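Subject: Handover of the model, with notes on what was found

Dear colleague,

Here is the structure we spoke of, passed on together with some notes for you to read alongside it. Please keep the model open as you go through them.

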Amino acid sequence: MRVAGSFPLRSLRTRIIVVVMVVVVSTTVSMLIDEQRALVMATTKAQEESARNLVNAVTLSVGSQYASIRFHERASLDKRKAMLRSALSLAMSQVTAAYELTKSKKLGEAQAKARAMTALRRMRYDHGVGYFWINSAERPTPRMVMHALIPELEGKLLDAPRFNCALGRNENLFRAMVDVCSKKGAGYVDYLWPKPTRDGRTARQPKLSYVRLFRPWGWIVGTGLYIDDIERDKRKRVDAVVQELRESFSRIKVAQTGYMFLFTGKLKMLIHPSHVGADYRTLPNPDTGNPVLLDLKAASQSPRRKLEYVFDKPPTHKGQFRFRKVAFVQHFEPLDWYIASSVYLDEMERPIKALRTRIMILGAVLLFASLLLSLWLSRNLAQPLMHLSRAARKIQGAGGTRSSVPVSGTVETRELGLVLNEMIG
């Protein structure tokens, strides 16, 4: 017979089950949510750091190789400079010797100058490519005094537009020579100039000249060497670096189909698994409407050096620009290269989803285990009380004996059984 007004939640067993389940469920769910959030953040951060570290490692490698290229370039340039100084010293000895003849009254100044110019006109070095010239130190525009290869310039003002080729900023070549000699007496000037060949002269080539002021006559004596071979060697070495990176990038996979690529500040794609040689100048980023490479350039200057955008997914979805991805970009300023590592967001989220599934399964297992624990606990706590309750009913009906009162369960229920037995006693 149930006690009047009884309700399922009033039973001890039900209350134990409910309380245990509420505590376990709330604790487990809150712990799982916190752990899932922490694990998702840690996984995402680890994946992003991996992509960033990959870009940083490639950038450091490029920097190391570029330093080697620059070292070789400087060493070659230093050899040319030493050759120029040596050659010009021989030429200046001829000019000085002719000037000394005027001091000893053996020659007049006009004859001495003619002798010096004749000597310099005949001098050659570096397999006949190296020659000498003399221009005046007049300002604002000097005149050509003697030129071994272009005698038609002699006596003319050197203000033609074709002479605006010095120092990489289209400065007048001969004014630059006057400037450097007026400051230091001698110096180097780099510029572009036609190169003599057996068939005439080539188009303008990079050249480096060394000039020195001969103050008694107001002459600037100069000689130069072409450095186009140094430039060619540098380009070959840079091309070799690109080829090496191309082979390395082909072996690198970011997640499943992510990849690395390389483009220049002029938006020329140097390395890409499927778009090499394509014109990216007009390829838009659907999110912003800007050319995607311009957005990537801008991202390289941001603190996170990261850009999310929409792109295709070669080879299975080539040309279908609907897949969200994230790229990490680093700018290598000496070569104006942008080195990037990209990964598709769905592939980045795939391990996170798998992690969430494992966490949910673990949570379900924990909840099932807690349910079994609560059932076992409620049974062990409530069953002795139920036995005592039945024994009390028998005693109430005068049908109970001392031996019918169980003494079992916890310390409390055992003491209650003993007390009931004594009361019957």
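**Backbone notes**

D336 lies in the loop between strand 11 (323-332) and strand 12 (337-344), where helices (H or I, at least four residues) and strands (E, at least two) are DSSP runs numbered from the N terminus. This is a predicted model with residues numbered from 1 along each chain as its sequence is written, in which local features need pLDDT of at least 70 and side-chain atom pairs count only at pLDDT 80 or more. Totals for chains, interfaces and linings use all residues, while side-chain values use heavy atoms, with hydrogens and water left out.

The phi of D336 is near 55 degrees, a positive value in a residue other than glycine, and with a relative accessible area of 29% D336 is partly exposed; here buried means under 20% relative accessible area, exposed over 50%, and partly exposed in between (1.4 Å probe, protein chains only). N170, placed in the loop between strand 3 (164-166) and strand 4 (171-172), also has a positive phi, near 60 degrees, and N170 counts as exposed because its relative accessibility is 60%. A further backbone feature is the cis peptide bond that joins R139 and P140, with omega at about 5 degrees; P140 is found in the loop between strand 1 (132-136) and strand 2 (144-147). These places deserve a mention because most residues other than glycine have a negative phi, and most peptide bonds are trans.

An open sheet is formed by 5 strands in the order 9-8-12-11-10, with antiparallel pairing, two strands being counted as paired if DSSP finds at least two bridges between them. Strand 9 (269-271) and strand 10 (306-311) stand at the edges, each with a single partner strand, so one side of each is left without a neighbour in the sheet. From one strand to the next the twist averages 35 degrees, with axes taken as lines fitted to C-alpha atoms (for helices over the stretch in contact) and angles running from 0 to 180 degrees between N-to-C directions.

Within this sheet, strand 8 (residues 259-264) pairs with strand 12 in the antiparallel sense over 6 bridges, and M260 stands opposite S341 in strand 12. Strand 10 and strand 11 likewise pair in the antiparallel sense over 6 bridges, the bridge partner of E308 being V326 in strand 11. Strand 10 is mostly covered, with 5 of its 6 residues buried.

Helix 4 (residues 228-251) lies across strand 8, strand 9 and strand 12, running at about 65 degrees to strand 9, where contact means heavy atoms within 4.5 Å. Helix 5 (residues 292-300) lies across strand 8, strand 9, strand 10, strand 11 and strand 12, and runs at about 165 degrees to strand 10.

**Salt bridges**

A search of the whole structure finds 12 salt bridges, each being a side-chain nitrogen of Lys or Arg within 4 Å of a carboxyl oxygen of Asp or Glu. One of them is formed by E73 and K234, whose closest N and O atoms are 3.9 Å apart. This pair links distant parts of the chain, with E73 in helix 1 (residues 12-103) and K234 in helix 4, 161 residues apart. Both E73 and K234 are buried, and R70, E73 and K234 are linked in a network of salt bridges.

In helix 1, the side chains of E100 and K103 meet in a salt bridge at 4.0 Å, N to O; because these two are 3 residues apart in the helix, about one helical turn separates them. E100 is partly exposed at 37% relative accessible area, whereas K103 is exposed at 52%. R169 and E171 also meet through their side chains in a salt bridge, at 3.0 Å from N to O, and R169 is exposed, with a relative accessible area of 56%.

**A nonpolar surface patch**

Finally, F368, L371, L372 and L375 form a nonpolar patch on the surface, with about 340 Å² of accessible area together. Patches are made of residues with over 30% relative accessible area and no salt bridge, like charges being joined within 9 Å and nonpolar side chains (Val, Leu, Ile, Met, Phe, Trp, Tyr) within 5 Å; accessible areas come from the Shrake-Rupley method with a 1.4 Å probe, and for residues only the protein chains shown count as cover. L372, placed in helix 6 (residues 345-396), counts as partly exposed at 45% relative accessibility.

With best regards
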